[in-house]
Amino acid sequence: MRVYKSLERKSWVLGLPLNQIGLLLCLFLVLTVGGSLLSVLLALPWWYYLASLALVLSLYLLLRKAAKRQHPDFLLSFLSYRYFQPDEIDYVLPPQTPDAPSDDALSGDHP
C-alpha cells in the first residue's frame, strides 16, 4: 500500500503548525475584542493594545523556536492539561457480588 507523505505531515504556516497559529490568532482576537469591550466601561490606555500585540508576537517567537527543536505541541498540551482534564478522576467501583448464600437458604426449610 502506498503512503503519501504529504498527507501524513502537519500543515505548517509561518514556521508553526496550523493549529498553533489558529490558537495564537484566537488569543489575539480575545485580547483585542475583550479590550474593546472593556474600554466601554473603563478607560484603557493605548499601550494595552501594544502590550497585547507584543505578548502574541513574543509567544509566536517562543513557539517557533520550540518548533525548530521539534518539541511536542506545547500550547495544545498546556490547554488540554489545564482546562480539559479533570482535577480528580472519578471512578466507579465494579458492582459488588452478592455474598454466598448461607446454609439456611440452601436447606429448603424456609417458609
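1. Six residues of helix H2 are buried: Gln-20, Ile-21, Leu-24, Leu-31, Thr-32 and Gly-35. The model is a predicted one, and the points below should be read as describing that model.

2. On the overall fold, the chain contains five helices and two strands. Their order along the sequence is α-β-β-α-α-α-α. The chain has 111 residues, of which 14% count as buried. Of the contacts between residues at least 6 apart in sequence, 63% join residues at least 24 apart.

3. H2 itself has 24 residues. From its first C-alpha to its last it reaches 35 Å, close to the 34 Å expected at 1.5 Å a residue.

4. H2 packs against helix H3 (residues 47-68) at an angle of about 170 degrees, and the two axes are 10 Å apart. The angle is over 145 degrees, so H2 counts as roughly antiparallel to H3. The residues of this contact divide into 13 nonpolar, six polar and no charged.

5. On the H2 side, the residues that meet H3 are Gln-20, Ile-21, Leu-24, Leu-27, Phe-28, Leu-31, Thr-32, Gly-35, Ser-36 and Ser-39. Their partners in H3 are Tyr-48, Tyr-49, Ser-52, Leu-53, Leu-55, Val-56, Leu-59, Tyr-60 and Leu-63.

6. Thr-32 deserves a separate point. This residue lies in H2, which spans residues 18-41. Its relative accessibility is 17%, and because the cut-off for burial is under 20%, Thr-32 counts as buried. A polar atom of the Thr-32 side chain lies 3.2 Å from the backbone oxygen of Leu-29. Leaving aside residues up to four places away in sequence, Thr-32 touches Tyr-49 and Ser-52. Both Tyr-49 and Ser-52 are among the H3 residues listed in the contact with H2.

7. Leu-14 sits in the loop between strand S1 (12-13) and strand S2 (16-17). With a relative accessible area of 58%, Leu-14 is exposed, because exposure is set at over 50%. Residues up to four places away again left out, Leu-14 touches Ile-21, Tyr-60 and Arg-64. Among these, Ile-21 is one of the buried residues of H2. Tyr-60 is 46 residues from Leu-14 along the chain, and their C-alpha atoms are separated by 9.6 Å.

Key:
Residues are numbered from 1 along each chain as its sequence is written. This is a predicted model: local features need pLDDT of at least 70, side-chain atom pairs count only at pLDDT 80 or more; totals for chains, interfaces and linings use all residues. Side-chain values use heavy atoms; hydrogens and water are left out. Helices (H or I, at least four residues) and strands (E, at least two) are DSSP runs, numbered from the N terminus. Buried means under 20% relative accessible area, exposed over 50%, partly exposed in between (1.4 Å probe, protein chains only). A polar contact is a pair of N or O atoms within 3.5 Å; within protein, one must be able to donate a hydrogen and the other to accept it, and residues adjacent in sequence count only if both atoms are side-chain atoms. Contact means heavy atoms within 4.5 Å. Axes are lines fitted to C-alpha atoms, for helices over the stretch in contact, and angles run from 0 to 180 degrees between N-to-C directions. Angles under 35 degrees count as roughly parallel, over 145 as roughly antiparallel, 65 to 115 as roughly perpendicular and the rest as oblique. Ala, Val, Leu, Ile, Met, Phe, Trp, Tyr, Cys and Pro count as nonpolar, Asp, Glu, Lys and Arg as charged, and the others, Gly among them, as polar. The expected span of a helix is 1.5 Å times one less than its number of residues.
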